[in-house]
Amino acid sequence: MTNLRWIGCAREDSHGLGTPIASLIDRLSRSKRMRGPSTVMEGGVMLGELLFQRTALPAVKKSLDAAMLRSRVIGNNIANVNTPGYHRLEVSFEEELREALDRTKLKGTTTDAGHMPIGRKDTGRVNPSVERPVDQTLPSGVNNVDIDTEMAKLAENQILFNYGIRFARGAYRKLNAAIQARSLPLQQ
Amino acid sequence: MPVNGIFSGLRISASGMRAQRIRQNAISSNLANVETTRTAEGGPYRREYVVFTAESEDKDTRLVNKREGLRGMQTTERHLPIPPDNFPRDERFFGRGVRVAEIRKDTRPPKMVHDPSHPDADQDGYVALPNINPVQEMTDMIAATRAYEANVTAFNATKGMLMQALQL
């Protein structure tokens, strides 16, 4: 590779990372990226971008964020199961992520700081949000928290999180194996 | 209680556990005093019950008001959306768990039982016994136990997720 250049540009992600899990994962991914000057390939694509940004990892990272937030929100609903007049909270995220990942939608590339993002959102710009659904029913008699639904959502969320972790772990492991030029062990 | 931070999910579940434990204590006190006719404030013991309130939600207006950048209007359906600079909406509002607002005394009148031999009987032979229905207390106790268990499950789920994240 003769066309590798070294330039001294720090790579900063444009989006703020809200939750500690994200920063933890981000730090992990950063530590595996090249430190200091980034390697830029001929087409202007950075190695870190190729290895991390253009894979499924940013989406997985975001869904881990959402799962962590959701566990907090479900925990809050369960803690308030006997609070009169409490309105349950919900995290919405998947639909927005699905839209951001929809390749059939148009998307403008921002190449300058003055550019406005256009069309489909960047995965990095999709953030989970906490909402209060309008729901006038009273399943428990004092508020709209239904303990069975919350417990089911809790279990579902936990499995989703474990899946995300497993996926990310596998991806990092594969990268690591490629970097060290060895084959993956058959059992993981 | 800080809203953010890795352990806030655990703190929220812990607040639920604490609230249910206080409720359980009130129920135990009611059952223990089911026939108490003398109290410090005079008269029979009055049933105690706890009132829960949701911890005030945190609204981070600093982040909500941050609307930088242009925002395009869509006037026909063929227009592409030009999204505004995406502020971290997940910080907008959070629950922060539950809190026992107060422990109230039940205002229902005491049960009047005819027992002239009782030292606290009035001139007609009636004793004012606490306004406690043991069946209601028992069902409340089961509800409190189940709610406590639900909080423990939520706590363990969050804890499990944190442990998984450490193994990434």
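Biologist: How much of chain B counts as buried?
Modeller: Of its 168 residues, 33% are classed as buried. Please keep in mind that this is a predicted model.

Biologist: What is the accessible surface of chain B?
Modeller: The accessible surface of chain B is about 10000 Å², and 53% of that belongs to carbon and sulfur atoms.

Biologist: Which helices and strands does chain B have, and in what order?
Modeller: Chain B has three helices and six strands. Starting at the N terminus, the order is α-β-β-α-β-β-β-β-α.

Biologist: And what share of the contacts in chain B joins residues at least 24 apart?
Modeller: Taking contacts between residues at least 6 apart in sequence, 71% join residues at least 24 apart.

Biologist: Let us turn to chain A. What is the span of α5(A)?
Modeller: Helix α5(A) has 33 residues and covers 48 Å from its first C-alpha to its last, close to the 48 Å expected at 1.5 Å a residue. Just after α5(A) comes Ala181(A), with a positive phi of about 50 degrees.

Biologist: Which residues of α5(A) are buried?
Modeller: Among them are Glu150(A), Leu154(A), Asn157(A), Phe161(A), Ile165(A), Ala168(A) and Tyr172(A).

Biologist: Which residues have the most contacts inside the largest nonpolar core?
Modeller: They are Leu57(A), Phe161(A), Ile165(A), Ala168(A) and Tyr172(A), in a core of 17 residues. At least two residues each come from α3 (57-79) and α5 of chain A and from α3 (134-166) of chain B. Helix α5(A) gives the most, with six residues.

Biologist: What does Ala168(A) touch?
Modeller: Leaving aside residues up to four places away in sequence, Ala168(A) touches Leu57(A), Val60(A) and Leu168(B). Another core, of 15 residues, lies apart from the largest one and includes Val91(A), Phe93(A), Ala100(A) and Val126(A).

Biologist: New topic: how many aromatic pairs are there over all chains?
Modeller: The count is one. Tyr163(A) and Phe167(A) form a tilted pair, 6.3 Å centre to centre with 45 degrees between the planes.

Biologist: Why are Tyr163(A) and Phe167(A) separated by about one helical turn?
Modeller: Because the two residues are four apart in helix α5 (residues 147-179) of chain A, about one helical turn separates them.

Biologist: Is Tyr163(A) buried or exposed?
Modeller: Tyr163(A) is exposed, with a relative accessible area of 56%. Phe167(A) is partly exposed, at 34%.

Biologist: Back in chain B, what sits over the ring of Tyr45(B)?
Modeller: The charged end of Lys105(B) does, 5.6 Å from the ring centre.

Key
Residues are numbered from 1 along each chain as its sequence is written. Chains are lettered from A and ligands numbered from 1 in the order in which they are written. This is a predicted model: local features need pLDDT of at least 70, side-chain atom pairs count only at pLDDT 80 or more; totals for chains, interfaces and linings use all residues. Side-chain values use heavy atoms; hydrogens and water are left out. Rings of Phe, Tyr and Trp (its six-membered ring) pair if their centres lie within 6.5 Å; planes under 30 degrees apart count as stacked, over 60 as edge-to-face and the rest as tilted. Buried means under 20% relative accessible area, exposed over 50%, partly exposed in between (1.4 Å probe, protein chains only). A charge sits over a ring if NZ of Lys or CZ of Arg is within 6 Å of the ring centre and within 35 degrees of the ring normal. The expected span of a helix is 1.5 Å times one less than its number of residues. Contact means heavy atoms within 4.5 Å. Accessible areas come from the Shrake-Rupley method with a 1.4 Å probe; for residues, only the protein chains shown count as cover. A nonpolar core is a set of buried Ala, Val, Leu, Ile, Met, Phe, Trp, Tyr and Cys residues joined through side-chain atoms within 4.5 Å.
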